[in-house]
Amino acid sequence: ASALPFPPTLGNVRVLVNGTAAPIYLASAGQISALVPFAATGATANIVVVNNGQRSNTVEIPLARSAPGIFTLPVGGFGPAALLRADYTLISPASPAKRGETLQLFLTGLGAVAPAIRDGAAAPSSPLSTVSADVKVYVGGRPANVIFKGLAPGLAGLYQINFTVPANAPLGASVALAIETPEAFHDMADIAITN
């Protein structure tokens with residue numbers, strides 16, 4: 001998609017989630033990337049792709065109010081988390097975070113926000129759309145202070161958590177970073193921390 005909000009049809013492709021058209025931000029010969037509509041509820045969702053008017057088979061997938069997934073660099077969901085400092089410089093093993101530093105973490109799947117926004121629309125910067133559910137961050141198993149949990153302003157479908165690295169966080173090039181919501185736990189990303 002070249003503009004926001006993401007459209008419900010892209011390249012003659014539609015994705016239906018429980019019958020509702022999902023915003024699509026990428027449609028190619030080998031991949032479709034779409035956002036699950038905020039209104040999707042229940043324990044499962046039925047997904048149907050409509051390509052040039054032809055419907056796919058229905059695929060049933062598990063559905064939860066939240067299912068966090070931390071973005072990583074490189075992509076893939078494992079390894080160094082997509083983390084920025086307050087000055088927007090990247091955290092990496094070559095440029096590790098420090099204990100007591102406040103960081104911005106980018107992820108998906110945190111669920112409902114308030115105030116609510118339209119599916120596929122850019123998140124507002126004022127007021128911020130914050131996540132309604134409880135979200136916890138753990139650095140090396142130690143709880144971190146969460147300062148902000150919500151949609152990244154100006155972007156669609158991207159969540160941001162601002163948190164402070166605990167003063168007692170372990171040091172190292174790949175310290176476990178975990179996110180917990182009432183429905184899920186994700187701990188496949190890591191963070192580099194130094195004194």
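How many bridges join β6 to strand β8 (residues 59–62)?

1. Pairing of β6 and β8. The number is 4, and the two strands run antiparallel. Alanine 45 has isoleucine 61 in β8 as its bridge partner. Strands here are DSSP runs (E, at least two residues) numbered from the N terminus, and two of them pair if DSSP finds at least two bridges between them.

2. Basis of the model. The structure is a predicted model, in which local features need pLDDT of at least 70 and side-chain atom pairs count only at pLDDT 80 or more, while totals for chains, interfaces and linings use all residues. Residues are numbered from 1 along each chain as its sequence is written, and side-chain values use heavy atoms, with hydrogens and water left out.

3. Further partners of β6. Strand β2 (residues 13–17) is joined to β6 (residues 44–51) by 5 bridges in an antiparallel arrangement; valine 17 stands opposite isoleucine 47. Strand β7 (residues 54–55) is also antiparallel to β6, with 2 bridges, and arginine 55 is the bridge partner of valine 50. In the hairpin of β6 and β7, 2 residues lie between the strands, and asparagine 52 takes a positive phi near 50°.

4. Overall fold. The protein has 20 strands and 0 helices. Its radius of gyration (over C-alpha atoms) is 18 Å, close to the 16 Å that the globule rule (2.2 Å times the number of residues to the power 0.38) gives for 195 residues, so the protein is as compact as a globular protein of that length.

5. Burial. Of the 195 residues, 39% are buried, meaning under 20% relative accessible area with a 1.4 Å probe, protein chains only.

Terms used
Buried means under 20% relative accessible area, exposed over 50%, partly exposed in between (1.4 Å probe, protein chains only).
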